[in-house]
Amino acid sequence: MAAKSLLAASLLFLSGSDAFPRRGHGDHNRPNWQESQITEGQFSDVKQRWDTAIARADELVQQMTLEEVANVTLGQSDTMGCSGLTGSVSRLGFPGICLADGPAGVRGTTFVNAYPAGIHAAASFNRKLAYERGLYMGGEFRNKGVDTALSVCVGPVGRVATGGRNWEAFGADPYLQGQLGSQMVSGMQLSVTADVKHFLGNEQELFRNPVTNKNNVTIPAFDSIITDHDIHELYMWPFQDAVHAGAGSVMGAYQQVNGEYSCESSDLLNDLLKDELNFPGFVVSDWGAQYTGWPSAASGLDVAMPNSRGKWDGGNLEMSVRNGTLPESRLRDMGRRIVASWFYVNFDDVEGEPGFGLADDGYNFPHDTVEARDPAAKASIYQAALEGHVLVKNDGALPLKTPKILNLYGYDATLPPVLMPNPSGFNDWNFGTSALDLEESDNELRGMLFQEIRYSQAATLGNLWVGGGSGGNSPPYVSTPYSALAAKAEMDGTILEWNFNASETNPSVNAEADACLVFINDYASEGNDRAGVADPASDELVTNVAANCSNTVVVIHNAGQRTLDFAGHPNITAIIMAHLPGQDSGRALVSLLFGETSPTGRLPYTIPYKAEDFGSLLYPVVTPEAAPSANLSDPSEFDYKYFQSNDIKPRYAFGYGLTYSSFSYSDVSVSWKDGSAPASAPPSVEVKVPGGVASLFDTVATVSATITNTGSVAAAEVAQLYVRRPNEPEGVTPLRGFEKTAYLQPGESECVKMHLRRKDLSTWSSDDQQWLMMAGDYELMVGASAEDIRLTGSLSLK
């Protein structure tokens, strides 16, 4: 049978069997990519698709017995290679839902791609690449028999500078997270259900789970205290955009919010997510984050993972219906939401067991080997690797110009010595820890993920292309900085000399070297927050090389924010924040180093002069230990808005990044849509779409500007729009738009347009419980970063 697929490539069994019939999309066509900012047109079919899916699900679920519906909500012991697998109803042809990690690619299997991490995608400031990320990654999940991809991370939103999972998400700004996350959802939901995580306030790893201390006292998970205003304006913001894009699943977080566990908070799951945001899909617990039985179901949890031992299983859920504790309508609603997500992506039109391309143990268990990659993805993955690099300093050192001798230093230039699955199924290959120096890999890895030990600041065994934990990926190959430089040197006749010994921080330097390249990294992982925002040994290496080399270029593969105390050194001539580029790490970097492509990335976070500039936002604030809590609304502002509100000058601002060219900004134009100011309150509040009140997503204003390449090299610019609403705190200008130009030739111009939705200019009113546009002047600022404003305009609302 011919395979049906969104993607062009055929699905092949490498064992020689016939092509497996893949789950196609029926008559649903891929929506055209919107070159400008997200518009309602791009998501216009989302509500229609949900209406159709819900109607089909309702018909199927009504035929199920109570026991069958309850079984659909439970994780099963035999996961068939999936990270989690719900129960099935075989007599009605429902096979269950296969859920699998992760946000940077299908984890723990072969013949899949290792995508750049979320922080890298964020640095690209490129919506099209985020959409393609979801499109191609979603195809790989589908081709492996995965129904739900645990893949779109928009929480944490980057409040805590040392947060262990910040690297999985799209930067330290809710608007940026919402824009890129929703594009990833839009592309992914053409193949599989996109699970959006972690709802809500999951800003640190410390005390994310209940723990039992040495006195045998159980300490609850930390409680995120958040005001209603900040929930809407900051922490729920990107989830709203993701739901509007069609996300079929939302994962509840581990910790508490305002005194209730996230996975059993009716305020969060019923009132905010399902009612206010009109979310039609299912809520799944993070693994092990369900703490009660029927109350969690009543509070809005739909799927318990990885199981529900002692809670929903053993007939407890249907028993709660029969004794009147839980309404039958609620149980059937749970089943309807799960099955509707399955119908939304037309998973019913393909034969085969869930997870048919996965092995039960993650790799070694016999299974049909499935080639899941689409050849068309290669160009997009490579482009994403390129655009996530951010050049923050360049004193004319880059691009390199046919150097005769290059000295190379640093542990990050080469491959880790081992990247090999082993029968334990819980190893470096699965969890993005291959470059960590762990003496007893499995035991230390378990300890790291479950907060028993702290991981190192730097991963000194090799190149860092992804962070650690369930967000890791399984690369088919890794192009390292050294391998790419060696290939370039072979072509150009360059001499390479190197010292990659991680223990040697004061290596010798060849005085004849044209440049010294130093490769270091900064590690982060699920399970623990980072020990700091710089690695002392790595900084010592950089400064010692620079002391003897007048042209020192520093490349940092960083999984989070990092201080750069050495940036002012006169011999350090260039610094690249290389983030986590995925499988094309080295060749993307070398293309930039030699000017084959100009850097175009921008910082999706702030780099301070010193760690103390972060104030209370540097480390998790948890007090007291007996009942840990963290006030996420004190202060409300974080990252660049915290720096603005406290008048702290950053070393490199949010949105900052250099190219090999220069750009001018001119001809700013600001206008209300149709020439008249909108009403303060959103019209037709009774009309809802996924994401909430439909009119919140209407365009109410447009800002345009002309960007001209005034340099001598082709490059792309990221124009950014910052807004000061009438009630904005003094000095604070949140991001509310961005557009990346095409690669402009010298002298070439492009007019960029940024469309402001009603949501973008509104303020959440806790008193009125709705979004309102406040009367007064709206300052609209177009610039190259949060601190580099080039053009201004204003609009007034009476």
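Author: A polar contact is a pair of N or O atoms within 3.5 Å; within protein, one must be able to donate a hydrogen and the other to accept it, and residues adjacent in sequence count only if both atoms are side-chain atoms. Helices (H or I, at least four residues) and strands (E, at least two) are DSSP runs, numbered from the N terminus. This is a predicted model: local features need pLDDT of at least 70, side-chain atom pairs need 80 or more, and totals for chains, interfaces and linings use all residues. Residues are numbered from 1 along each chain as its sequence is written, and side-chain values use heavy atoms, without hydrogens or water.

Reader: Which residue caps the N-terminal end of α5?

Author: Look for a side-chain oxygen 3.0 Å from the backbone nitrogen of Tyr 175. α5 itself covers residues 174-188. The oxygen, and with it the cap, belongs to Asp 173.

Reader: How many residues of α5 are buried?

Author: Buried means under 20% relative accessible area, exposed over 50% and partly exposed in between (1.4 Å probe, protein chains only). α5 is largely enclosed by the rest of the structure, because the buried count is 15 of the 15 residues.

Reader: What does the span of α5 come to, first C-alpha to last?

Author: The expected span is 1.5 Å times one less than the number of residues. With 15 residues in α5, 21 Å is expected, and the model comes close to that at 20 Å.

Reader: Zooming out, what is the radius of gyration of the protein?

Author: The protein has 19 helices and 31 strands. The radius is taken over C-alpha atoms, and the globule rule is 2.2 Å times the number of residues to the power 0.38. For 798 residues that rule gives 28 Å, and the protein is close to it, so it is as compact as a globular protein of that length, at 25 Å.

Reader: Which residue forms an aromatic pair with Phe 614?

Author: Rings of Phe, Tyr and Trp (its six-membered ring) pair if their centres lie within 6.5 Å; planes under 30 degrees apart are stacked, over 60 edge-to-face and the rest tilted. The whole structure has 21 such pairs. This one is edge-to-face, 5.8 Å centre to centre with 85° between the planes. Phe 614 sits in the loop between α17 and β20, and 29 residues away in helix α18 is its partner, Phe 643.

Reader: What relative accessible area does Phe 643 have?

Author: Phe 614 is buried, at 3%. Phe 643 counts as buried too, with 2%.
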